Structures are given as C-alpha cells and as structure tokens.
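Hi there,

Here is the structure I promised to pass on. Have a look at it first, and then read my notes below.

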Amino acid sequence: MAARHFLLIPGRTSKQGQQINIGKDEDAYLKMTTTLTMHVDDLKEMGLAAGQSVRVRSESGEAVFAVQAGNIPRDMLFVPYGPPTCLLMPTETDGTGMPTSKGWDVEVEAITS
Amino acid sequence: MKNRADLIIYWGGNPAECHPRHFTKYTIMQKGRFIPNGRKGRTMVLVDIRETPSAKAADVFLQVRPGKDFEVLTALRAVVKGQRVDAAAVADTGLSLDQLTDLANRMKACRFGVLFFGMGLSMTRGKHMNSAAALTLAAELNAFTKFVAMPMRGHGNVTGADVIMRYTTAFPFGVNLSRGYPRFNPGEFSTIDLLVRGDNDATLVLGADPGATMPQPAIRHLSQTPTIVLDPKVTHTSRLAKVHITTAATGITAPGTVYRMDEIPLPLKPPLVGPYPTDEDVMRRIREAAERKAHIAA
C-alpha cells in the first residue's frame, strides 16, 4: 500500500496529563504517545488493522506509531504529545517563539515486515 | 466569569481533557451571583476542527475546516458589524453564513461573553495572526456588550512565568539580558529558536522537560552543550543533562506560588517535609557562589 498524506493533530489528553505526573518511563505513557488515532474508513482504505505499526514522516523527521480507529474526521490523525512527536515537530517558529505544534502535513505508510 | 458570563466560547481548545476543572469550577457549571441558574443560565459554544470530548458539554458545536480559523474570525467580525459577507466564501471554512450569523447574534445579545482560545488556534497555521483576530473580535464586541478573551494555557504555571517575567523585565518571554538590560524579540531570543540555531553554549532548565517536548534539533543541542536541570524527578531532560540537581516538589514538600490562568496568584503550603532544597535555595546558592568567584577574580 502506498504512503498517504494526512493532517496530524498532536494534542493533550487527560490520561496523558495524569501519566506525565506518574512517570514518562512507564509503559502506559509510551503506549499512549505512540498510538495514532485514525478514522475507521481511512484505516480500512489503507488496509490497516488496529494495533498495526505505521511509519509517519513529516518535513522534520519520522517516527513509528501503532494505529487505532477513533472519533476523528477523515484525512486527519490525532496523537498525544510525547517524545515521538518531538521527532516530527518543525523547528521554524515564524518569529513567535513557538513552532507550529498542530496541523502538520505528514505521510503515513504501513510497516509490513 | 463565574458570576456574570452568560456566553462562553471555547475556540481551538479541549477543556474536557486539558483543563478538566475549568467547566466545573470557573465557567459553565457554576452558579454565579448574576447567573443564579448555573448551567441553565449560560450558553456554551465550542469551535474546533474535530469533535473532541468537550463537544458533549456544548450547546453549539461549530466544526471548522483545518487552517480556516482566521477566515472564520474575520468573517465573524464583518457579520458582527453588519457588513455584507459572501456566503460562498464562508462555506469554504466548513461553516455556513447562517451559523456565523447565529453566533454573531448570540455574541451581541449576551450580557457578558468570554472567548477562551486554545493551542488549536494559537499554535496552528496562522498562529499569532489567529490570536490577534480572536482578540480583535472580542475587543470589537465591546461596542455592543461586555466581552473578554483569554488564552487557555498549555502547561501548569506557564502563566506564572509570564507574570514574573513581565513585572521584572516588562516582557513575558523571549527576553535577552546579556547587555544588562532586557531586550524582547520572539524568534530571536526565545528558547526553541536559540537551541535550534545553537546560539547558546549552556542551558539552565527550571521546572520544565524540554527533552520530552521540544523539536529534535533543540533536544540535540541540549545534549551536546552543558545543561543543568533542577527537577524533583528524573526526566528526559535530566538524562541528557551534565548536571541534575534534585529539588523539592513545589506544593508538596516546598512552598511557592502558582498562578491561575487569570493571573491570580495562589500561595501553596507544603503538606510534607522532604530532604531536598527548593529551586529558590539552589538558585540563590549558585548566585552566591558565582558572586564569590567573581569577587575573588576581581
């Protein structure tokens, strides 16, 4: 299956906020920050099963995530902020002091092997 | 807000997940002096590009197409002023002119409106232009009623850092003191820009974990130059630092002040006693040692 373009929206979740205070080394934190949420029809279209690994590339870098279906519009992805999103985050701040932290154009491809 | 706001708008924010006490303590659920019926006396509007858990709490949910917030805000400003707006241009934003007209009417008719805007507005494409459009809309609504705007800040006590920087240097962040007086220039003196360009040759990290949150080139620079971290815990940043000084946890084993998002300072009383020094103790001792060294050198 060829790579597909998506708009990635990294964000906060309540569970992630709690887990930051419990510990970022815990398996739970690692799991939530490496799980991408995708619309179920996009998941089907890409021939992906829940839990399958995908490689996500942005203009800044790449990272590997597991996918799950969830309540998100088509062509959009959600993932809680964490070390994997640091690899994808752009560095340009446009003179504001903060890089664009949401709405990244990314390419997603299934990892087959 | 608690006592007066009858229209509450969240734009590009998801308080149900990110500020879980906001609804219940400060906005929609509270009974206020002039809002005796609490939730029934208030209207909540949520504007976002996706249906977040906050949508369940909203009376009106407006789903904007990604990257179209600036256009929606600008069209809304025109509708509020009674100017002619092209319905086809509005449709390109994912909303209809009827939806914008309804929102504009609600904004003008309320007694006290609040626009809370989150990172979905301020840190997506358009950034400061989006924030400026939101602030201008709120300012212009004061021709019709009382209206305020407030950012929904990301991390805990980031407001506190802004407040202290403002009253000590006159600027909230991105301040350079190397000439002995404060100079403000986001994009030049702000942390991520300095680290990504490699402009600084040492870093002191206080109460933050940039090693788990910043872009990778900034993290790389932290690991390649002397970094000192003051933190109660081992973090991604403390692992890449040359020096990690374990400090007391503010509000647990150390006193301190936390600032609410509306800049109200709240003093913290530590319920426990701990073995570690406070951040303030460590900073004072570093400064005294540096002054002694400078005195000897002189």
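Let's start in a loop: A:Asp75 sits between S4 and strand S5 (76–80) of chain A. Keep in mind throughout that this is a predicted model. A:Asp75 is not a glycine, yet its phi is positive, at about 70 degrees. That's worth a second look because most residues other than glycine have a negative phi. With a relative accessible area of 41%, A:Asp75 is partly exposed. A:Asp75 also belongs to a network of salt bridges, along with A:Arg4, A:Asp42, A:Glu45 and A:Arg74.

You'll find B:Glu263 in the loop between S11 and strand S12 (265–268) of chain B, and its relative accessible area of 35% makes it partly exposed.

Is A:Val67 buried or exposed? Its relative accessibility is 2%, so A:Val67 counts as buried. Leaving out residues up to four places away in sequence, A:Val67 touches a list of residues that includes A:Leu36, A:Met38, A:Leu43, A:Leu48 and A:Val54. Take A:Leu43 as an example: A:Val67 and A:Leu43 are 24 residues apart along the chain, and 8.1 Å separates their C-alpha atoms.

Now for the inside of chain B. In soluble globular proteins, nonpolar side chains tend to be buried together. Here the largest nonpolar core has 32 residues, and the members that touch the most others are B:Ile9, B:Trp11, B:Val45, B:Leu76, B:Met107 and B:Phe147. Among the elements that give this core two or more residues are strand S1 (7–11), strand S2 (43–48), helix H5 (97–109) and helix H7 (127–141) of chain B. H3(B) supplies the largest share, 7 residues.

Next, some charged pairs. Over all chains, the count comes to 27 salt bridges. In one of them, the side chains of B:Lys68 and B:Asp92 meet at 3.2 Å, N to O. This pair links distant parts of the chain, 24 residues apart: B:Lys68 is in the loop between S3 and H3 of chain B, and B:Asp92 is in the loop between helix H4 (87–91) and H5. B:Asp92 is partly exposed, with a relative accessible area of 40%.

B:Arg77 forms a salt bridge with B:Glu140, with the closest N and O atoms 2.9 Å apart. B:Arg77 lies in helix H3 of chain B and B:Glu140 in helix H7, so this pair ties together parts that are 63 residues apart in sequence. B:Arg77 counts as partly exposed at 23% relative accessibility. The side chains of B:Lys81 and B:Glu140 meet in a salt bridge too (3.2 Å, N to O). B:Lys81 lies in the loop between H3 and H4 of chain B, so here the parts tied together are 59 residues apart in sequence. At 46% relative accessibility, B:Lys81 is partly exposed.

What about the place where the chains meet? The contact takes 33 residues from chain B and 36 residues from chain A. The area buried between the two chains is about 2,700 Å², and carbon and sulfur atoms give 59% of that. On the chain B side, B:Arg50, B:Met123 and B:Lys127 lose the most area to chain A, together 22% of what that side buries. There are 3 salt bridges between the chains. A:Lys24 forms a salt bridge with B:Asp209, where the closest N and O atoms are 2.5 Å apart.

Last stop: helix H8 (residues 158–169) of chain B. This helix has 12 residues and reaches 16 Å from first C-alpha to last, close to the 16 Å expected. Its buried residues include B:Thr159, B:Asp162 and B:Val163, and the buried residues pack against strand S6 (175–176) and strand S11 (256–259) of chain B. Just after H8(B), B:Ala170 takes a positive phi of about 85 degrees.

Happy exploring!

Terms used:
Residues numbered from 1 in each chain as written. Chains lettered and ligands numbered in written order. Predicted model: local features only at pLDDT ≥ 70, side-chain atom pairs only at ≥ 80, totals over all residues. Heavy atoms only, no water. Helix = DSSP H or I, 4+ residues; strand = E, 2+ residues; numbered from the N terminus. Expected span 1.5 Å × (residues − 1). Buried < 20%, exposed > 50% of the residue type's maximum accessible area, 1.4 Å probe, protein only. Contact = heavy atoms within 4.5 Å. Core = buried A, V, L, I, M, F, W, Y, C linked by side-chain atoms within 4.5 Å. Buried area = accessible area lost by both parts, 1.4 Å probe. Salt bridge = Lys/Arg side-chain N within 4 Å of Asp/Glu carboxyl O.
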